[in-house]
Amino acid sequence: MDDILVYELVPQSPAPSPPALTSLPLPLQVYTRDPRSVISWGSVDATEPAPTGPAPSSLDSSPAAPLPAGAPEPALTSTTPLSLDSSPAGSLSSDLDVPTALRKGQRSCATYPMSDHISYAGVSSSLQAFISQLDSISISRFLSEAISSLGWGRAMVEEMEALVANQIWDLVSLPPGKWVIDYKWVYVVEVHPDGFVARLKARLVAKGYAQVYSLDYRETFSPVAKMVSVRLLISLAASSGWPLHQFDIKNAFFHGDLQEEVYMKQPSGFVAQGESGHVCWLKKSLHGLKQSPRAWFGRFSSVVLEFGLQRLAKDHSVFYDHSDARCLFLVVYVDDIVITGSDDTQITALKAFLQQQFHTKDIGSLRYFLGIEVARCQREIFLPQLKYALDLLYDTRMLGTKPNNTPMLPGMQLIPEEGDAYSDPDRYRHVVGRLNYWAITQPDIAFL
């Protein structure tokens with residue numbers, strides 16, 4: 001093992017002139033620790049030349065000042081070379097051979113890092129893989145960023161191919177007196193039950209808020225699953241030991257026909273060759289249109305009722321079949337479907353029947369539904385919402401802030417006429433809406 005290299009003190013010598021700088025930048029080099037021979041005070045080995053310059057300093061590279069006249073020699077306890085192998089702390093030699101970044105470990109610039117408050121010690125390996133996969137994927141926020149990304153770009157191409165294959169629109173010139181609505185892209189991450197990413201899904205969504213009533217839409221009401229119904233279904237599955245199956249309908253809205261005349265712009269980056277001046281005349285429903293959910297749900301509910309299920313009176317998006325021998329429940333939220341019940345044979349038959357009517361995809365056991373994480377262990381089901389909370393803290397730039405049990409002054413009264421108005425009220429409403437959705441599965445923050 002390397003020993004400490006001891007330099008003898010010599011009078012100051014002129015510093016050598018620095019070498020001339022080259023115009024080209026030097027390549028990146030990696031330095032390693034070379035073995036050093038032992039040089040002790042007063043007994044320099046004849047085969048090893050003694051250093052003629054001053055000892056280098058770790059903080060100052062300037063030459064060392066000469067010793068004043070009559071100054072005593074530095075006292076040494078022993079002339080025996082010091083070996084790091086004999087240190088009381090054990091073998092430190094291996095630490096010196098390790099790169100500095102690894103010896104010092106990972107450092108954080110945050111004053112209050114999240115690692116001090118989040119622990120995965122009691123989490124299974126499969127759930128750890130699932131959480132890490134969700135956190136490792138960043139969803140694109142801009143069209144240019146998504147197109148340049150390999151994964152999201154491929155997902156957009158698949159969406160356009162599906163739109164063309166299902167003949168969603170015809171390219172025509174905009175008729176006089178008609179107007180065209182805009183569009184946007186929405187990106188979704190689908191995850192396998194084992195924790196790995198199933199696929200990246202991109203959706204072309206029409207900006208339906210620009211539609212005008214009685215001109216390009218009329219009836220729009222379509223029931224969606226209430227979060228109370230979703231929680232109740234999960235609670236029944238946990239208490240009864242029923243399985244929770246999740247699957248979705250691929251391109252669900254494509255099954256609904258439009259009765260109104262709707263025109264949309266061609267998506268940027270996917271304009272048909274030679275059709276740059278034309279618009280999309282929508283023939284079938286598309287995500288974002290006001291009437292699309294109604295058209296799709298009407299088609300789906302008719303298929304489920306044909307199978308023999310009944311619609312729940314209090315929540316029309318919940319279908320059931322209950323008898324003394326078996327129970328079967330189905331809840332649908334747009335195109336995301338969860339099935340649970342006591343009879344596995346009936347569940348398999350329902351899946352096969354829906355596969356005949358639509359292009360379904362069996363995701364497996366319920367793990368991630370409407371932004372809610374589902375972790376199951378024996379007869380208990382947890383809804384941790386970890387990714388949702390971290391994304392909210394990241395978007396509000398509060399990941400490294402100091403935690404507090406009550407993030408508001410106790411006893412504070414808010415008066416409408418007092419205080420300064422927010423500079424960005426839309427962002428404030430957006431954050432409040434996300435907190436309200438988070439409170440669905442975290443009741444302890446419902447009144448913050």
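The side chain of Ser-222 comes to 3.1 Å from the backbone oxygen of Pro-293. A polar contact here is a pair of N or O atoms within 3.5 Å; within protein, one must be able to donate a hydrogen and the other to accept it, and residues adjacent in sequence count only if both atoms are side-chain atoms. This is a predicted model, in which local features need pLDDT of at least 70 and side-chain atom pairs count only at pLDDT 80 or more, while totals for chains, interfaces and linings use all residues. Residues are numbered from 1 along each chain as its sequence is written, and side-chain values use heavy atoms, with hydrogens and water left out.

Leaving aside residues up to four places away in sequence, Ser-222 touches Pro-293, Arg-294 and Phe-297, where contact means heavy atoms within 4.5 Å. Is Ser-222 buried or exposed? Ser-222 is buried, because its relative accessible area is 17%; buried means under 20%, exposed over 50%, and partly exposed in between, with a 1.4 Å probe and protein chains only.

Ser-222 belongs to the loop between E3 and H6. Ser-214 is placed in the loop between strand E3 (197-206) and helix H6 (227-240). Helices (H or I, at least four residues) and strands (E, at least two) are DSSP runs, numbered from the N terminus. With a relative accessible area of 40%, Ser-214 is partly exposed, and its phi is near 70°, a positive value in a residue other than glycine.

Gln-167 counts as exposed, because its relative accessibility is 60%.
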